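Q: Please take a close look at a single part of this model and describe its surroundings.

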Amino acid sequence: MNDVLYKVLWIDDEYETLPGTIRQAKAHNINLIPFKSLNAGMDELKKNYSFYDGVLLDAKILENEDDEAGTEDTKFVHRAKEQLDQLSEKKKFE
């Protein structure tokens with residue numbers, strides 16, 4: 001059995017409705033640390049990038065935590081990718 005626990009920052013506006021995903025990840029030694037929006041998740045990653053082993057992005061995400069449902073967009077995922085690329089000097093996430 002693998003004792004390594006991987007820490008993955010997860011941006012998904014509906015993570016609260018996906019407890020099975022969290023359980024499944026834990027069964028495979030992955031701790032998903034969820035955020036509802038691009039800005040909250042990327043702020044955390046910029047502050048603590050060395051803590052995380054990976055990043056998981058939903059296809060459509062909110063820009064801000066207090067944005068209303070229905071405002072999710074794929075353009076925010078592209079912005080997340082750009083920000084991840086900027087962090088690549090410190091740590092590369094694939």
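Is Val-55 buried or exposed?

A: This is a predicted model, in which local features need pLDDT of at least 70, side-chain atom pairs count only at pLDDT 80 or more, and totals for chains, interfaces and linings use all residues. Residues are numbered from 1 along each chain as its sequence is written, and side-chain values use heavy atoms, with hydrogens and water left out.

Val-55 has 17% relative accessibility and therefore counts as buried (buried means under 20% relative accessible area, exposed over 50%, partly exposed in between, with a 1.4 Å probe and protein chains only). Val-55 is part of strand β3; strands (E, at least two residues) and helices (H or I, at least four) are DSSP runs, numbered from the N terminus.

The open sheet has 3 strands in the order β2-β1-β3, paired in parallel, where pairing requires that DSSP finds at least two bridges between two strands. β2 (30–35) and β3 (54–57) are at the edges with a single partner strand each, so one side of each has no neighbour in the sheet. For β3, 4 bridges in the parallel sense link it to β1 (residues 6–11), and Leu-57 in β3 stands opposite Ile-11.

Helix α2 (residues 38–48) lies across β1, β2 and β3, at about 150° to β1; axes are lines fitted to C-alpha atoms, for helices over the stretch in contact, and angles run from 0 to 180 degrees between N-to-C directions.

Beyond its neighbours within four places in sequence, Val-55 is in contact with Val-8, Leu-9, Leu-45, Leu-84 and Phe-93 (contact means heavy atoms within 4.5 Å).
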